[in-house]
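Please examine the sequence and the structure shown below. The paragraphs that follow lead through selected features in turn.

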Amino acid sequence: ALISATCETVGAIVNFLVGRTFLTEKVRGLSVLGGEPVGEAPWYERLEKAAEKDGLQLTLLLRLSHILPIPFDSYWYILGALPVRFIDFVGAHWVGCLKTAFLDA
């Protein structure tokens, strides 16, 4: 279970770093199902504020519950584009993976 959580977190780190390095502005301009750009959506603005205040809690929440209307793996790209600290992302994602490894297996 620990190895599984670590491997899953390594994959998510790659997505996070791609988001942080290349996709910050592109994610903000992305239109979901022809709607308004993500950067202008009220939910994305709330995510930005939450990421600044407590990125660890936000990452753990998104890891444990699928609450956004986008594909699950896209969360990590978006968190990379948000002001979430890298260490907060890694720690929260790994802990969130343990829930899947132990309780959902």
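In which sense, right-handed or left-handed, does α2 pass α4 in their crossing? In this predicted model, the crossing of α2 past α4 is right-handed. Helix α2 covers residues 42-64, and helix α4 covers residues 86-103. Two packed helices are described by the angle between their axes and the distance between those axes. For α2 and α4, the angle is about 30° and the axes lie 8 Å apart. Because angles under 35 degrees count as roughly parallel, α2 is roughly parallel to α4.

Helix α4 also meets helix α1, with axes that come within 9 Å and cross at roughly 140°. The two helices, α1 and α4, are therefore oblique to each other. Their crossing, that of α1 and α4, is right-handed.

A residue of α1 may now be considered. Helix α1 spans residues 2-29 and contains Ser4. In sequence, Ser4 and Leu98 are separated by 94 residues, yet their C-alpha atoms are 8.5 Å apart in space.

By residue class, the lining of the largest pocket consists of seven nonpolar residues, one polar residue and two charged residues.

How values were computed:
Residues are numbered from 1 along each chain as its sequence is written. This is a predicted model: local features need pLDDT of at least 70, side-chain atom pairs count only at pLDDT 80 or more; totals for chains, interfaces and linings use all residues. Side-chain values use heavy atoms; hydrogens and water are left out. Ala, Val, Leu, Ile, Met, Phe, Trp, Tyr, Cys and Pro count as nonpolar, Asp, Glu, Lys and Arg as charged, and the others, Gly among them, as polar. Helices (H or I, at least four residues) and strands (E, at least two) are DSSP runs, numbered from the N terminus. Axes are lines fitted to C-alpha atoms, for helices over the stretch in contact, and angles run from 0 to 180 degrees between N-to-C directions. Angles under 35 degrees count as roughly parallel, over 145 as roughly antiparallel, 65 to 115 as roughly perpendicular and the rest as oblique. A crossing is left-handed if the near helix is turned anticlockwise from the far one by less than a right angle, and right-handed if clockwise.
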